[in-house]
Amino acid sequence: PVTRATVVALLAAAAYLLGRDFDLLPATGAAVIILVWNDPGAAAGVSFQLCFAAAMGIALLHRPVRALMGAGRSKALDLLAVTAAAQLAVGPIILHHFGEVSLLAPLSNLLVLPLVPAVMGLSMLSSLFGTAGLPLAGAFMRAAAFLSRGILTVARTLASQGWATLRIFPLSPLWLAAYY
């Protein structure tokens, strides 16, 4: 996920430096092309599919979901709308690969979403400093690891609730295509 985010961030930086507008949808498409060009098998990975589905869900569904929720200026409802948009986009992929969905996933996402940009930023800084051979790379990565453990603790705690998993069935590719 950090590599995927880095590619999109580099595209955003290039757009800025060239004086061009940045648009997430074309940038996401370009990131997919770059990453698949580099590793043709990448798109078959569940993490790859979930990452890009969530990004597309947020880009395409956040505003409509926010409007349906009547979020107005509420930051909490806006955050919930982001989570719901991502869940709507990744749900079928989760069903396809695992045959079940977590009823607590929106709550889990709501709790950890504020930590994710920090983890990604610290990881990117660690990569940049590490590439340059600077000693701060380790400190940035330790900070990212600490926050990541917090994210994993929330995920494990909420995932351990057996009643919160709805087992349906694995969706076939035909059902996936029909949903999207």
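This is a predicted model: local features need pLDDT of at least 70, side-chain atom pairs count only at pLDDT 80 or more; totals for chains, interfaces and linings use all residues.
Contact here means heavy atoms within 4.5 Å. Residues are numbered from 1 along each chain as its sequence is written, and side-chain values use heavy atoms, with hydrogens and water left out.

S126 sits in helix α6, residues 116–131; helices (H or I, at least four residues) and strands (E, at least two) are DSSP runs numbered from the N terminus. At 8% relative accessibility, S126 counts as buried, given that buried means under 20% relative accessible area, exposed over 50%, and partly exposed in between (1.4 Å probe, protein chains only). A polar atom of the S126 side chain lies 2.9 Å from the backbone oxygen of A137.

Now for the cores. A nonpolar core is a set of buried Ala, Val, Leu, Ile, Met, Phe, Trp, Tyr and Cys residues joined through side-chain atoms within 4.5 Å. The largest one has 8 residues: V7, V8, A27, A31, L35, A42, F48 and F52. Helices α1 (2–17), α2 (24–38) and α3 (46–69) are the elements that give two or more residues to this core, and α2 gives the most, with 3 residues. Look at A27 and you'll find V8, L11 and F22 in contact, not counting residues up to four places away in sequence. Apart from this core lies another, of 5 residues, among them A54, A86, V90 and I93.

Which residues of α4 are buried? They are A81, V82, T83, A85, A86, A89, V90, G91, P92, I93 and L95. The buried residues of α4 pack against α3, β1 (100–102), α5 (105–112) and α8 (173–179). Helix α4 itself (residues 75–98) has 24 residues and reaches 32 Å from first C-alpha to last, close to the 34 Å expected at 1.5 Å a residue; the expected span is 1.5 Å times one less than the number of residues. There is a kink of about 40° at V90, shortly before the proline P92, where the bend is the angle between axes fitted to the seven residues ending at a residue and the seven starting there. After α4 comes G99, with a positive phi near 75°.

Over in α3, H62 is buried, with a relative accessible area of 15%. Its side chain is joined to that of D78 by a polar contact of 2.7 Å, that is, a pair of N or O atoms within 3.5 Å; within protein, one must be able to donate a hydrogen and the other to accept it, and residues adjacent in sequence count only if both atoms are side-chain atoms. Leaving aside neighbours within four places in sequence, H62 is in contact with G57, D78, A81, V82 and A85.

Last, the rings. Rings of Phe, Tyr and Trp (its six-membered ring) pair if their centres lie within 6.5 Å; planes under 30 degrees apart count as stacked, over 60 as edge-to-face and the rest as tilted. The count comes to 3 aromatic pairs. F48 and F52 have ring centres 4.8 Å apart and planes at 55°, so this pair is tilted. Both lie in α3, 4 residues apart, about one turn of the helix. F48 is buried, at 9%, and F52 counts as buried at 9% relative accessibility. Y179 and Y180 form an edge-to-face pair, 5.2 Å centre to centre with 85° between the planes. Y179 counts as partly exposed at 45% relative accessibility, while Y180 counts as exposed at 52%.
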